[in-house]
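Subject: Handing over a structure, with notes

Dear colleague,

Please find the structure below, and keep it open beside this message while you read. My notes on it follow directly after.

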Amino acid sequence: MAQRFDNVRLEKGMYHEAGRSFTQVLEKLDPSEQYRGTALEGLDAYQRQLKRFDIRVKGAGSDVVEKFFKTAQSAVLFPEYIARAVKAGMEEANVLPDITATETVIDGMDYRSILSVPEEERELKQVAEGASIPQTTVRTRDNLVKLHKRGRMLVASYEAIRFQKLDLFSVTLRQIGAQIGRMLLEDAVDVIVNGDGNGNPAKVSSVAQAGKLTYEDLVAFWNDFEPYQLNALLVGTDTLPKLLDLRQMRDPEAGLDFHGTGRMVTPMGAKVLRSSAVPAGKILGLDKNYALEMVKAGDVMVEYDKIIDRQLERAAITTISGYAKIFEDASRVLTV
């Protein structure tokens, strides 16, 4: 029989359970299913613990940081609060879901992606009676996916932040998350352009007149993606003005939408994503359904021992991830 949320004993060892996050450990002890039809429906196990200790982390009536450290058990909740605030920052203006086909979470540090090798062309040709059916062989790639550890060091004494409102402190943590998110996007761009170490850099479509982008160049770029679909464009800050300055991109009706909402015109139906991580003079095109796999070694990690035992001081906030190409031809580079 599961314990009720106000009887769960919290201890920092709950962060150590292999293959489970802190919230998943709490959910195992205090399943959310038992609160259906009650006033606590809609809260996960962690949020119920915040309610148990009367800790408000959002809004004008949010508590101060010191509230987490009133008891030894409530202090255990603080690293998860940091991790959630950082993840919220990573998800703000996050374009990774728009360029990755799938996300793989692994427990270790070694991972090989798969490679699809068709015996013939990818078209499904007619097979005569008694003839062999063309095969597609799926095997692991030769080289491991390169995983990178990205993060920031949070340095703050307990005395400096104890009376700060949690709502304000969350803004700082979200900004750290946004910085980590930009690092992850830089890693993704590097793999798209240079490959994942398996000899698969993106094919380059050169522009006839260097430095000048034309609508015909975009049409040719779009046409090169057959049999894939060009549905995402990653554009650098130096190249984006050239794209938006095209006469076809300055259509009056489309311009009204851009000026009113900030949503850019979508050439050939491709979503335009701005990023300073894109190399100068490059436009990256992808079929986001087939181009890139994101590999993560766990979730956002926070050095919980230092935070709980020493009341913050210095704490590393890190994430380990990497990228692998799924189908090489599903991403290309347009040189401007």
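How far from the backbone oxygen of Phe68 does a polar atom of the side chain of Ser74 lie? The distance is 2.7 Å, and I will come back to Ser74 once the background is in place.

The model is a predicted one, in which local features need pLDDT of at least 70 and side-chain atom pairs count only at pLDDT 80 or more, while totals for chains, interfaces and linings use all residues. Residues are numbered from 1 along each chain as its sequence is written, and side-chain values use heavy atoms, with hydrogens and water left out.

The chain as a whole

The chain holds ten helices and twelve strands, where helices (H or I, at least four residues) and strands (E, at least two) are DSSP runs numbered from the N terminus. Of its 336 residues, 42% count as buried; here buried means under 20% relative accessible area, exposed means over 50%, and partly exposed lies in between, with a 1.4 Å probe and protein chains only. If one takes the contacts (heavy atoms within 4.5 Å) between residues at least 6 apart in sequence, 79% of them join residues at least 24 apart.

Ser74 and its surroundings

Ser74 sits in helix H3, which covers residues 72-75, and it counts as buried because its relative accessibility is 1%. Besides the approach to the backbone oxygen of Phe68, the side chain of Ser74 makes a polar contact, at 2.9 Å, with the side chain of Thr71. A polar contact is a pair of N or O atoms within 3.5 Å; within protein, one must be able to donate a hydrogen and the other to accept it, and residues adjacent in sequence count only if both atoms are side-chain atoms. If neighbours within four places in sequence are set aside, Ser74 is in contact with Phe53, Ile55, Lys67, Phe68 and Phe69.

The nonpolar cores

In soluble globular proteins, nonpolar side chains tend to be buried together. A nonpolar core is here a set of buried Ala, Val, Leu, Ile, Met, Phe, Trp, Tyr and Cys residues joined through side-chain atoms within 4.5 Å. The largest such core has 84 residues, and those that touch the most other members are Phe68, Phe78, Tyr81, Ile82, Leu173, Leu234 and Ile317. Helix H6 (residues 166-194) gives the most to this core, namely twelve residues. Apart from it lies another core, of eight residues, including Ile106, Leu147, Ile320 and Ala324.

The buried residues of H1 are Phe22, Thr23, Val25 and Leu26. Seen down the axis of H1, these fall within an arc of 160 degrees (the arc of the directions from the helix axis to the C-beta atoms), so they line one face of the helix. They pack against helix H2 (45-52) and helix H4 (78-91). In H2, the buried residues are Ala45, Tyr46, Arg48, Gln49 and Leu50, and what covers them includes H1 and H4. At the start of H2, a side-chain oxygen of Asp44 comes within 3.1 Å of the backbone nitrogen of Tyr46.

H1 and H2 pack at an angle of about 80 degrees, with their axes 8 Å apart; axes are lines fitted to C-alpha atoms, for helices over the stretch in contact, and angles run from 0 to 180 degrees between N-to-C directions. That makes H1 roughly perpendicular to H2, since angles of 65 to 115 degrees count as roughly perpendicular, those under 35 as roughly parallel, those over 145 as roughly antiparallel, and the rest as oblique. In this pairing, Phe22, Thr23, Leu26 and Glu27 of H1 meet Ala45, Tyr46, Arg48 and Gln49 of H2.

Helix H7

Helix H7 (residues 215-223) has Asp217, Leu218 and Phe221 as its buried residues. Seen down the axis of H7, they fall within an arc of 100 degrees, so they line one face of the helix. On the other side of H7, Glu216 and Asn223 are exposed. The buried residues of H7 pack against strand S5 (203-206), strand S6 (232-235), helix H8 (240-244), strand S8 (282-286) and strand S12 (331-335).
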